[in-house]
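Morning, everyone. One chain today, and a quick walk through it. Have a look at the structure, and then I'll start.

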Amino acid sequence: TLSGRSSVSFDSIIEERGIKRQIVMKTPHFLIVPLLIEKQPDLIATVPWELANVYSLYGNVRAVEPPIDLPTFAINQYWHPLYNHEPSLIWLRELVKKNFERYPDIGSD
């Protein structure tokens with residue numbers, strides 16, 4: 001499960017349907033998922049569909065549709081306040097923002 005997030009709680013949606021998860025790890029981001037699945041292949045992770053497809057390219061993760069409808073959620077960028085005015089990072093943040101304005105239609109061109 002994700003830690004430190006105040007957005008949509010997938011746990012509550014799953015629990016509303018009578019499903020209880022056994023959470024074995026909390027992480028602040030999705031980047032560790034392929035490594036966890038490689039070491040513990042019996043684990044299941046709920047990640048954005050596009051990310052699951054990227055992870056499946058590594059060969060140790062299989063992307064499957066969830067058995068229930070899940071809500072959408074916001075994509076946020078985080079950085080240390082010390083770098084708020086760093087020109088190269090402003091450029092990078094704007095580039096990421098511009099690319100994700102079309103989300104989830106990225107890659108449909």
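Start at Trp91. Trp91 sits in helix α4. This is a predicted model, by the way. So is Trp91 buried or exposed? Its relative accessible area is 56%. The cut-off for exposed is over 50%. Trp91 is therefore exposed.

Along with Ile75, Leu92, Leu95, Val96 and Phe100, Trp91 makes a nonpolar surface patch. The patch covers about 540 Å².

How far can we trust this helix? Helix α4 runs over residues 87-100. Confidence in the chain is highest there, at a mean pLDDT of 90. The lowest is helix α1, residues 10-16, with a mean of 78. Over the chain, the mean pLDDT is 80. Residues at 70 or more come to 83%.

Now the overall layout. How many helices and strands are there? The chain has 4 helices and 0 strands. In sequence order, that reads α-α-α-α. And the burial? The chain has 109 residues, and 14% of them are buried.

Next, the aromatics. The count of aromatic pairs is 0. A pair needs ring centres within 6.5 Å, for Phe, Tyr and Trp. There is a charge over a ring, though. Which residue lies over the face of Trp79? That is Arg93, at 4.0 Å from the ring centre.

Let me turn to another tryptophan, Trp49. Trp49 lies in helix α3, residues 49-56. Its relative accessible area is 35%. Now pair Trp49 with Val64. These two are 15 residues apart along the chain. Their C-alpha atoms are separated by 8.7 Å.

On to the loops. Gln77 is in the loop between α3 and α4. With a relative accessible area of 33%, Gln77 is partly exposed.

His29 sits between α1 and α2, and α2 covers 33-39. At 35% relative accessibility, His29 is partly exposed. The C-alpha atoms of His29 and Val47 are 9.8 Å apart in space. In sequence, His29 and Val47 are 18 residues apart.

Conventions: Residues numbered from 1 in each chain as written. Predicted model: local features only at pLDDT ≥ 70, side-chain atom pairs only at ≥ 80, totals over all residues. Heavy atoms only, no water. pLDDT = per-residue confidence, 0-100. Helix = DSSP H or I, 4+ residues; strand = E, 2+ residues; numbered from the N terminus. Phe/Tyr/Trp six-rings, centres within 6.5 Å; stacked < 30°, edge-to-face > 60°. Lys NZ or Arg CZ within 6 Å of the ring centre and 35° of its normal. Patch = residues over 30% accessible without salt bridge, like charges linked within 9 Å, V, L, I, M, F, W, Y side chains within 5 Å. Areas by Shrake-Rupley, 256 points an atom, 1.4 Å probe, with all protein chains shown as cover. Salt bridge = Lys/Arg side-chain N within 4 Å of Asp/Glu carboxyl O. Buried < 20%, exposed > 50% of the residue type's maximum accessible area, 1.4 Å probe, protein only.
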